[in-house]
Amino acid sequence: QVQLAESGGGLVQAGGSLRLSCAASGRTFSGYAMAWFRQAPGKEREFVAAISWSGGNTYYEDSVKGRFTISRDNAKNTVYLEMNSLEPEDSAVYYCAAGLRTLTYSTRKYNPSNYDYWGQGTQVTVSS
């Protein structure tokens, strides 16, 4: 079992920045691929970014490329999502997720159903 807890969400003006954190506990954190998803009201949960178990490979949804950065610190059992140049369209509940370490090697990483563990989510609201 892996327990995940997100933090760092909040209200920010358009153009601003936030840094989300996801602290993991339980089984060996470095054994898992990690990802961030988001879900806006009335919409499906969508992929935002993923990072391989080693941190050596990162992947982003097209609309966040160049604005968001995913990283991880395996010594601290934490994954981060640095979000810059935020837009109102980025408003959503952001979730971190953990899955098999091989997940990032295929397109399966984009599908939330392929992740085994989820945090409770943190709200991000971007005002215009």
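Visitor: Which residues do ring pairs link into a cluster?
Guide: This is a predicted model. In it, ring pairs join Phe37, Phe47, Tyr95, Tyr110, Tyr115 and Trp118 into a cluster.

Visitor: How many aromatic pairs does a search of the whole structure find?
Guide: The search finds 7 aromatic pairs. One of them is Phe37 with Phe47: the ring centres are 5.7 Å apart and the planes stand at 80°, so this pair is edge-to-face.

Visitor: Where in the chain are those two?
Guide: Phe37 is in strand β4 and Phe47 is in strand β5. They are 10 residues apart, and the pair links distant parts of the chain.

Visitor: Is Phe37 buried or exposed?
Guide: Phe37 counts as buried, because its relative accessibility is 0%. Phe47 is buried as well, with a relative accessible area of 8%.

Visitor: And Tyr95 and Trp118, what kind of pair is that?
Guide: That pair is edge-to-face, because the planes are at 80°, and the centres of the two rings lie 6.4 Å apart. Tyr95 belongs to strand β9 and Trp118 to strand β10, residues 117–118, so the pair ties together parts 23 residues apart in sequence.

Visitor: Trp118, buried or partly exposed?
Guide: Trp118 is partly exposed, at 27% relative accessible area. Tyr95, at 13% relative accessibility, counts as buried.

Visitor: Which charged end sits over the ring of Tyr95?
Guide: That of Arg45, 3.8 Å from the ring centre. There is also Arg101, whose charged end sits over the ring of Trp53, 3.8 Å from its centre.

Visitor: Changing topic. In the largest nonpolar core, which residues touch the most other members?
Guide: Leu4, Met34, Trp36, Leu81, Met83 and Tyr94 do, in a core of 29 residues.

Visitor: Which elements give two or more residues to this core?
Guide: They are β1 (2–7), β3 (18–26), β4 (32–39), β5 (46–51), β7 (68–73), β8 (78–83), β9 (92–100) and β11 (122–127).

Visitor: Which residues are in the second, separate core?
Guide: That core has 8 residues, including Phe47, Ala50, Leu103 and Tyr115. Phe47 and Tyr115 also belong to the ring cluster.

Key. Residues are numbered from 1 along each chain as its sequence is written. This is a predicted model: local features need pLDDT of at least 70, side-chain atom pairs count only at pLDDT 80 or more; totals for chains, interfaces and linings use all residues. Side-chain values use heavy atoms; hydrogens and water are left out. A nonpolar core is a set of buried Ala, Val, Leu, Ile, Met, Phe, Trp, Tyr and Cys residues joined through side-chain atoms within 4.5 Å. Buried means under 20% relative accessible area, exposed over 50%, partly exposed in between (1.4 Å probe, protein chains only). Helices (H or I, at least four residues) and strands (E, at least two) are DSSP runs, numbered from the N terminus. Rings of Phe, Tyr and Trp (its six-membered ring) pair if their centres lie within 6.5 Å; planes under 30 degrees apart count as stacked, over 60 as edge-to-face and the rest as tilted. A charge sits over a ring if NZ of Lys or CZ of Arg is within 6 Å of the ring centre and within 35 degrees of the ring normal.
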